[in-house]
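Visitor: I would like to learn how to read a model like this one, feature by feature. Could you begin with the general idea each time and then turn to the case at hand?

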Amino acid sequence: MQITLRVNGREDRHEVEPRTLLVQFLRERLRLTGTHVGCETSLCGACTVLARVLTRRAALDAIARAKGSR
Ligand code: FES
């Protein structure tokens, strides 16, 4: 699937597998290694990212759920 994301002010289209975790996408595709994986159970907050005005647990969310996020 194709998604368009604006990350740190830059908007790009990406071809992704729908089940790719947001944290995998940020770290591996965009090389944004400030997002970490800790507990993978939504307890530690290491994977927290801001998506619009919401926070998300990037180690738990598929990239498809971030579609259209900034
Ligand atoms: S890895 Fe711990 S909350 Fe995401």
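Guide: Let us start with burial: a residue is buried if 20 or more other C-beta atoms lie within 10 Å of its own, exposed if 12 or fewer, and partly exposed in between, with C-beta atoms placed from the backbone. Helices (H or I, at least four residues) and strands (E, at least two) are DSSP runs, numbered from the N terminus. This is a predicted model, in which local features need pLDDT of at least 70 and side-chain atom pairs count only at pLDDT 80 or more, while totals for chains, interfaces and linings use all residues. Residues are numbered from 1 along each chain as its sequence is written.

Visitor: Which residues of helix 1 are buried?

Guide: An α-helix has 3.6 residues a turn, so residues three or four places apart point the same way. In helix 1 the buried residues are Leu22, Val23, Phe25 and Leu26. They cover an arc of only 165° around the axis (taken from the directions from the helix axis to the C-beta atoms), which puts them on the same side of helix 1.

Visitor: Which residues make up the largest nonpolar core?

Guide: A nonpolar core is a set of buried Ala, Val, Leu, Ile, Met, Phe, Trp, Tyr and Cys residues joined through C-beta atoms within 7 Å. The largest one here has 11 residues, including Leu5, Cys47, Ala58 and Ile63. Helix 1 (residues 22-29) gives the most to this core, with 4 residues.

Visitor: How do strands 1 and 2 pair?

Guide: Two strands pair if DSSP finds at least two bridges between them. Strand 1 (residues 2-7) and strand 2 pair in the antiparallel sense over 6 bridges, and Gln2 stands opposite Glu15 in strand 2. The two strands form a hairpin with 2 residues between them, where Asn8 in the turn has a positive phi of about 55°. Of the 6 residues of strand 2 (residues 10-15), the number buried is 0, so strand 2 lies largely in the open.

Visitor: Which element has the lowest mean pLDDT, and which the highest?

Guide: The pLDDT is the predictor's confidence in each residue, from 0 to 100. Where pLDDT is low, the predicted coordinates should not be read in detail. Across the protein chain the mean pLDDT is 86, with 93% of residues reaching 70 or more. Among the elements, strand 4 (residues 54-57) has the lowest mean, 70, whereas helix 1 has the highest, 93.
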